[in-house]
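Me: I am new to this structure and would like a close look at one part of it. Please keep the answer plain and connected.

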Amino acid sequence: MAAVALLALGGVLTCVGGLGGYFFMPTRVMPSGHMRPSHPAGGSMVFNLLVAGVDRGDVVLFDAAAWGERNLAVERVVAVGGDRIAYTPGDRTLTLNGRPLDEPYVLNGDPVAGSPGAFDVKVPEGRLFLLGDTRGNSDDSRYRFQEAEGGTVPLSAVKGALIDEDDPLVVGLRSAVPAGGGVLFLGAVSGVAALRSRRRAVTAAAPTARAAEPTASASA
């Protein structure tokens, strides 16, 4: 019974850890440098695919079909449905709902680098305005006004939101996989030991049983 319990526990830990920590929270490699300095090209990023919603400042993995592309892309959410995001040439920042937008994550502290011109977008409900952190080298919402409404993408296109690799949930789930493997091994060892012990007991009992059998008397 102990072996069965260990095997069941090990299976649960491995499945939960594998599905939660790797399938629903996969690690992706940043394919380009448009999210520097926070996320350089070649760096690993963990995305939570079970995210229920996103907010300004979140880095998201999304389907770029709204931009006429057949791939998943990574950008930062700068404005959400109902927001008004704007830029006037000569300004040092973008404005969000009429106020300068503080963006400490952008490369070289230059949030307007590479902006192709003035824009003023009222983000429709259920859509997102996305920009890269390396503004001087990011093919983002500023360049997508022809492909999509206000250069935005639908919230439904978001497949996952960036989560810290050191997040306790990620660490806990991924740690469950080797832990589950260890418990499975213990269960297997315990099961083999129990089986061998049972066989030895049966083998030892067999001669005793034969000795106790009455011998048949010879017929006259």
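In which loop does P37 lie?

Reply: P37 lies in the loop between β1 (27-29) and β2 (44-48). A strand here is a DSSP run of E with at least two residues, numbered from the N terminus. The model is predicted, so local features need pLDDT of at least 70 and side-chain atom pairs count only at pLDDT 80 or more, while totals for chains, interfaces and linings use all residues. Residues are numbered from 1 along each chain as its sequence is written, and side-chain values use heavy atoms, with hydrogens and water left out.

The peptide bond from R36 to P37 is cis, and its omega is near 5 degrees. Most peptide bonds are trans.

Two strands pair if DSSP finds at least two bridges between them. Further along the order, three bridges join β3 (residues 59-63) to β11 (residues 158-163), and these two run antiparallel. In this pair, F62 stands opposite V158 in β11.

Another loop, between β6 (95-96) and β7 (99-100), holds N97. N97 is not a glycine, yet has a positive phi of about 55 degrees. N97 is partly exposed, at a relative accessible area of 43%. Buried means under 20% relative accessible area, exposed over 50%, and partly exposed in between (1.4 Å probe, protein chains only).

Notes:
Helix = DSSP H or I, 4+ residues; strand = E, 2+ residues; numbered from the N terminus.
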